[in-house]
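I opened the model to look up its metal site and its charged pairs. My entries follow the display.

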Amino acid sequence: MPDCIFCKIIKGEIPAAKLYEDERCIAILDINPIALGHTLFISRSHYATLADIPEKELGLLTEKLPRVCRAIVKGTGSEGFNIIENNGRCSGQIIPHLHFHIIPRRANDEVRFNWSPRVYQKDEMSRVAQAITDCL
Ligand code: AMP
Ligand code: ZN
């Protein structure tokens, strides 16, 4: 995609701190990290979101994800990590090219996610579950 930043990074037209690459993926440091070592694990093929990639291709793409995560944890001396994958503008996706954020974590670090858990009302949970399973 000509105007896609990640396609440009993949083609070498924009510089990036590359950590890993193979025929399916490229892993680079996020330019504005929310923790040091915040990494983007990017599909080499351009798909806008996770919903767009064929299932088998996603399997191949993510094959090396655990290896990259282990290296990030070890290399940054962290204790764990979050994986975040935004899909669509409403979810916070800025670059519509499939990628996973890997965020190294430590106990009591300064990374915060703004979750506000709610409670299902009566019958709401089963209705929602049914509506989704009807679409599978
Ligand atoms: P998302 O909101 O999931 O689309 O995330 C896009 C991420 O790409 C953001 O965290 C940006 O900081 C990051 N980003 C944007 N441009 C670059 C770049 N040239 N190199 C590395 N990371 C980038
Ligand atoms: Zn792209």
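Are C4 and H97 buried or exposed? I looked up both: C4 is buried, and H97 is buried as well. (Buried means under 20% relative accessible area, exposed over 50%, partly exposed in between, with a 1.4 Å probe and protein chains only.)

I note that this is a predicted model, where local features need pLDDT of at least 70, side-chain atom pairs count only at pLDDT 80 or more, and totals for chains, interfaces and linings use all residues. Residues are numbered from 1 along each chain as its sequence is written, chains are lettered from A and ligands numbered from 1 in the order in which they are written, and side-chain values use heavy atoms, without hydrogens and water.

Metal site. I find the zinc ion (ligand 2) held at 2.0 to 2.3 Å by C4 (SG), C7 (SG), H46 (ND1) and H97 (ND1). Donors are N, O and S atoms within 2.8 Å of the metal (3.2 Å for Na, K and Ca); water is not among the atoms, so sites may look incomplete. C4 sits in the segment before α1 (5-10) and H97 in the loop between β4 (80-84) and β5 (99-105), so the pair ties together parts 93 residues apart in sequence. Helices (H or I, at least four residues) and strands (E, at least two) are DSSP runs, numbered from the N terminus.

Charged pairs. I count eight salt bridges, each a side-chain nitrogen of Lys or Arg within 4 Å of a carboxyl oxygen of Asp or Glu. One joins R118 to E124, with the closest N and O atoms 3.4 Å apart. R118 is exposed at 67% relative accessibility, while E124 is buried at 17%.
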